[in-house]
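Please read the following note beside the sequence and the three-dimensional view. It is written for a reader who is new to describing protein structures.

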Amino acid sequence: MATVDKPGATDDEVSPLSVKMDELIGELGKTGRFQILVFILLCFNYCPLVFNHVIMAFFGARIAHTCHAVGNTSFFTHNSINKTVIGQEYGQCDTKLFLEDGVNLTLDCKPGQWTYDPDGRETTIGTEWDLVCDDDSLRSLATTIYFCGVMVGGLLFGYLSDRFGRRPIMLATLYAPVAIGLGIHFVPSYTWFVCLRFVEGIFLQGLQISTYVLVAEMFVPAYRSFAGAILECFWGGSVIAVAALAYLIRDWRYIQLAISLPSSLALFYICVIHESLRWLIMHGRLEDAEKYVTKVTTFNRKVFPTESWESVRSVAETKEASSQQQYTFIDLFKTPQIRKRSILLFYIWFAVAVGYYGLTFKITSLAGNKYLSFFIGACVEMLAYLMDIYVMVKIKRRVAITSFALLAAVTCIIAGALPPGETDSGVDMTLLSTGFAIVGRFAVGGLFSLIFMYTSEVYPTVIRNIGMGTCAFWTRVGGVVAPQINRLGQHTSETAPIIVFGVMTLIVAVATVFLPETHEKKLPNTIKEVEHPGGITRTPVFVETRM
């Protein structure tokens, strides 16, 4: 996880340099033309990210298949004797032959002996490499391997973004997946597919981290929550676009091209996107920072803020920030209140990620048209993000999170518990189950948006970035685990994993009760304020989308 202000503040006050930089950025035009233009361009970075995060819902979708271990023949050699074939029965994984003299044989399928019943011209990695029967687990394994790459990317590019700057990492991780995606289009085997997807996951997580930090560092605190909500809407819009692309194209290789090549249109970002002003100042590149300030003020038709700039330069040159205390992951567990909050939040992020990715991948295998089900799920997810903009302002945090968690729990458990088939009155219970699962996805989507805001308010300033970064790690673990939970449906009921998601979100509702309310309360700056709270007023902070 990349930090916004690398040197930590002391346990007694927030970094003076951070305060001065907020004042300077405010004078550049809090929402000036430059900021809005760059912000919109950065929002589009979430398109390739989301496309690749959720595309396995279609790449790895299960397609009806039949085993044809032998052709349509009248004779079959058994024990070196030709016998007349009386009948054949084709199953999913084997073919049964009924021979004369009462001899019955069961023949297992080998690669190339399956036939598929796709929806139109649809192809998936399953139909391409016969990932069925004994190899069925390889479909979900491909998703797990991808999210392992995402985990590695989070650890790697968080450091690189701090070390070499946000802009070069953002550009590298934006363009590299174009070449990787092109390679995936031409892969000759499953092994090459998962290897390249792993590498792609690494780079795309770097894109998310660098984009997130560039947005966070571009705005003053009062505008960051709204910027985060807009980013969330771009996430939702991208999920809707995935449903449209998959429906229109159907062939997984050409879908791969469609989600990879558009990033090449962003070559002009090299000229438009600049390095973070905060990063330049924190790393002593004051001449570059002054050029940046000049460019922004000129573009926004503002007067160069001489007094604010000189104030920032003075503090930066004294390297006052460098003498302040540094905080680490260990500080999340040193004190009782922070330790309790951390443990509960780690579980909440993990459970919500499992529910989100699990339902996203599962919906395409439930009853009904998978393209329509995924599209409706994406639309209700977008509705949840839009609703959260109102919820964040008007409703208490714990009430909102608990309500969404309970809604997700109830609808998922009902979706999993409904029996398949039709009732005596003609109600299709299988389709009704899919409907409840889609409502569950709406609730989990709303949860995902809220927990980012809430977590940033629960942790004090001095360890906020560390806390957010560690929680984001548990989100990636959830992405790794979710496909494997979905495999439970192949050994029990198809809807059993949805019950698991419901139970996990029910525990989220219970866990939230033990966390503090933060709505309209001042954010804590120090660990001491958390351990010994006092009455205060709230300051908004940035809301990240998903990491």
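The numbered points below go from the whole chain to single residues.

1. **Basis of the note.** This is a predicted model, in which local features need pLDDT of at least 70 and side-chain atom pairs count only at pLDDT 80 or more, while totals for chains, interfaces and linings use all residues. Residues are numbered from 1 along each chain as its sequence is written, and side-chain values use heavy atoms, with hydrogens and water left out.

2. **Overall make-up.** The secondary structure of the protein comprises 21 helices and six strands. Helices (H or I, at least four residues) and strands (E, at least two) are DSSP runs, numbered from the N terminus. The radius of gyration is 27 Å, close to the 24 Å that the globule rule gives for 547 residues, so the protein is as compact as a globular protein of that length. This radius is taken over C-alpha atoms, and the globule rule is 2.2 Å times the number of residues to the power 0.38. Along the principal axes, the C-alpha atoms fill a box of roughly 100 × 45 × 40 Å.

3. Of the 547 residues, 56% count as buried; buried means under 20% relative accessible area, exposed over 50%, and partly exposed in between (1.4 Å probe, protein chains only). The protein exposes about 22200 Å², of which carbon and sulfur atoms supply 63%. Accessible areas come from the Shrake-Rupley method with a 1.4 Å probe, and for residues only the protein chains shown count as cover. Among the contacts with a separation of 6 or more, 79% are between residues 24 or more positions apart, where contact means heavy atoms within 4.5 Å.

4. **Strand E4 and its neighbours.** Strand E4 covers residues 94-99. Five bridges join E4 to strand E3 (residues 81-90), and the two run antiparallel; two strands pair if DSSP finds at least two bridges between them. E3 and E4 form a hairpin with three residues between them, and Gln-88 has Leu-97 in E4 as its bridge partner. Five bridges also join E4 to strand E5 (residues 104-108), again in antiparallel fashion. Here Phe-98 stands opposite Asn-104 in E5. The E4-E5 hairpin has four residues between its strands, and Asp-101 in the turn has a positive phi of about 65 degrees.

5. **Aromatic pairs.** How many aromatic pairs are there? The count comes to 30; rings of Phe, Tyr and Trp (its six-membered ring) pair if their centres lie within 6.5 Å, with planes under 30 degrees apart counted as stacked, over 60 as edge-to-face and the rest as tilted. Tyr-46 and Trp-235 form an edge-to-face pair, at 6.3 Å centre to centre and 65 degrees between the planes. Tyr-46 lies in helix H3 (residues 46-54) and Trp-235 in helix H9 (residues 221-249), so this pair ties together parts that are 189 residues apart in sequence. Both Tyr-46 and Trp-235 are buried. The ring centres of Phe-404 and Phe-442 are 6.0 Å apart and their planes are at 55 degrees, so that pair is tilted. Phe-404 in helix H17 (residues 397-417) and Phe-442 in helix H18 (residues 429-458) are 38 residues apart, and both are buried.

6. **Charge over a ring.** Arg-197 lies over the face of Tyr-146, at 4.1 Å from the ring centre. A charge sits over a ring if NZ of Lys or CZ of Arg is within 6 Å of the ring centre and within 35 degrees of the ring normal. Arg-250 lies over the face of Tyr-371, at 4.5 Å from the ring centre. Arg-250 is found in the loop between H9 and helix H10 (252-260), and its phi is near 75 degrees, a positive value in a residue other than glycine. Its relative accessible area is 10%, so Arg-250 is buried.

7. **Two further buried residues.** Ser-238 is found in helix H9 and is buried, with a relative accessible area of 3%. Not counting residues up to four places away in sequence, Ser-238 touches Tyr-46, Cys-47, Val-50 and Phe-51. Thr-124, in the loop between strand E6 (114-116) and helix H5 (125-129), counts as buried at 1% relative accessibility.
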